[in-house]
Amino acid sequence: MRRVTLTQFLVGRQQSNGINADLRLLVETIARACKAISTRVNKGALADGPAGPATSNVHGELQKKLDVLSNEILLEANVWGGNLAAFASEEEEKPVPITEPYKRGEYLLLIDPLDGSSNIDVNISVGTIFSVLRCPKTPEGKFCEPEEAAFLQPGSRQVAAGFAVYGPTTVFVLSVGDGVHAFTLDRETYTFVLTHPEIRVPTETAEFAINASNMRRWEPPVKRYIDECLAGSEGPRGKDFNMRWVASMVADVFRVLWRGGIFMYPRDSKQKEGRLRLMYEANPMSFIVEQAGGAATDGRTRILDIQPQSLHQKVPVILGSREEVERVTSYHR
Ligand code: AFP
């Protein structure tokens, strides 16, 4: 099969008017930054110089140096292209507007620079998640000031989204609104090569992903769904289920995309809005899963329909094989 690189794929989408040059440059720049992050992640403890002062992010979470470095790599890569109005990140309290001497463009980029970072020290896959929106315009047609309010758009307004998984291979998963495609990093040529075109989430599954240690805190519909899975072939589902939980959303979601499954981080009596962030975790992953034929709700509402209230708000997440998500959502109703 002829190898198609990410650049060739994007040029093809541009020529068929699926995307414009600015969006193509944005995706290529993000992918290039992910290559740099992948190289740094793969060095692991070999790369750490003298232990620098640990810092904490806006949520008070201890930032491992790689979180901070990944955020810097993505910001520096995207500041000069003239295609972004501003940049929002899990690691930045406020959006970072593009300022002089750089030119602003029409897009807003939101990222989780290093998702799953608590897994770094134990050599488990981590990744980068990104979401692209358009900067809103005033009635006169001028771009709005790219402050927090400009970002608070429902996930259905995303023009592109995706994620990288830094695992046994580095995979770059992308949708520009016409399906989901994954590219594997060829470390000999250092290029992303199309390896998983037109990914479709299997509608049925026998595999669920949830952090079962929270079981005592779940709401009844979630408890009912998981109990039925655990009852297996003797229970109402009439088949046995398997469980996986990597605790890196990028790894769990890639598995769901490729072999089916349901991924759940529901609200519970302790984490009342769940744990995952709407704008740069749930929305991009929900966009990808829906583009691959799956479904994503917060238990009651389609995630992409949620009107955000703040940049770092959390949301319960139930996503994956459409039949399973619809079952869990029906239990909530
Ligand atoms: P970290 O980035 O703090 O490791 O959190 C990862 C994450 O946001 C998401 O990637 C996982 O699905 C989820 O949290 C794991 O949460 P638990 O540690 O509660 O299982």
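**A loop, a helix and a ligand**

Asn123 is found in the loop between S5 and strand S6 (126–134). Strands are DSSP runs of E with at least two residues, helices are runs of H or I with at least four, and both are numbered from the N terminus. This is a predicted model, where local features need pLDDT of at least 70 and side-chain atom pairs count only at pLDDT 80 or more, while totals for chains, interfaces and linings use all residues. Residues are numbered from 1 along each chain as its sequence is written, and side-chain values use heavy atoms, with hydrogens and water left out.

Stay with Asn123. Its phi is positive, about 55°, although Asn123 is not a glycine. Is Asn123 buried or exposed? Asn123 has 75% relative accessibility, so it counts as exposed. The cut-offs are these: buried is under 20% relative accessible area, exposed is over 50%, and partly exposed is in between (1.4 Å probe, protein chains only).

Now look at Pro101. This residue sits in the loop between strand S4 (96–97) and strand S5 (107–115). The peptide bond from Glu100 to Pro101 is cis. Its omega is near 5°.

Step back to the whole chain. The protein chain has eight helices and 17 strands. Its radius of gyration, taken over C-alpha atoms, is 20 Å. The globule rule (2.2 Å times the number of residues to the power 0.38) gives 20 Å for 333 residues, so the protein chain is as compact as a globular protein of that length. Along the principal axes, the C-alpha trace spans about 65 × 50 × 50 Å. Of the 333 residues, 56% are buried.

Ala247 lies in the loop between strand S12 (242–243) and helix H6 (249–259). Ala247 has a positive phi of about 70°, yet it is not a glycine. With a relative accessible area of 37%, Ala247 is partly exposed.

How many of the 11 residues of H6 are buried? Nine of them are, and H6 is mostly covered. The buried ones include Met249, Phe254 and Leu257. Asp252 also lies in H6. Asp252 has a relative accessible area of 0%, so it is buried.

What does the side chain of Asp252 touch? It makes a polar contact with the side chain of Arg255, at 2.9 Å. A polar contact is a pair of N or O atoms within 3.5 Å; within protein, one must be able to donate a hydrogen and the other to accept it, and residues adjacent in sequence count only if both atoms are side-chain atoms. A polar side-chain atom of Asp252 also lies 3.2 Å from the backbone nitrogen of Val246. After H6 comes Gly260, with a positive phi near 85°.

Met249 leads on to the ligand. Around the ligand are 14 residues, each with a heavy atom within 4 Å of it. The closest are Ser118, Trp245, Met249, Tyr265 and Arg275. A polar backbone atom of Met249 is 2.7 Å from an oxygen atom of the ligand. For Ser117, a polar backbone atom is 3.2 Å from a ligand oxygen. Arg275 uses its side chain: a polar atom there lies 2.7 Å from an oxygen atom of the ligand. Taken alone, the ligand exposes 480 Å², and the protein buries 84% of that (Shrake-Rupley method, 1.4 Å probe).

Which domains supply the shell around the ligand? At least three residues come from each of domain 1 (6–196) and domain 2 (207–332), with bounds from an automatic or database domain assignment.
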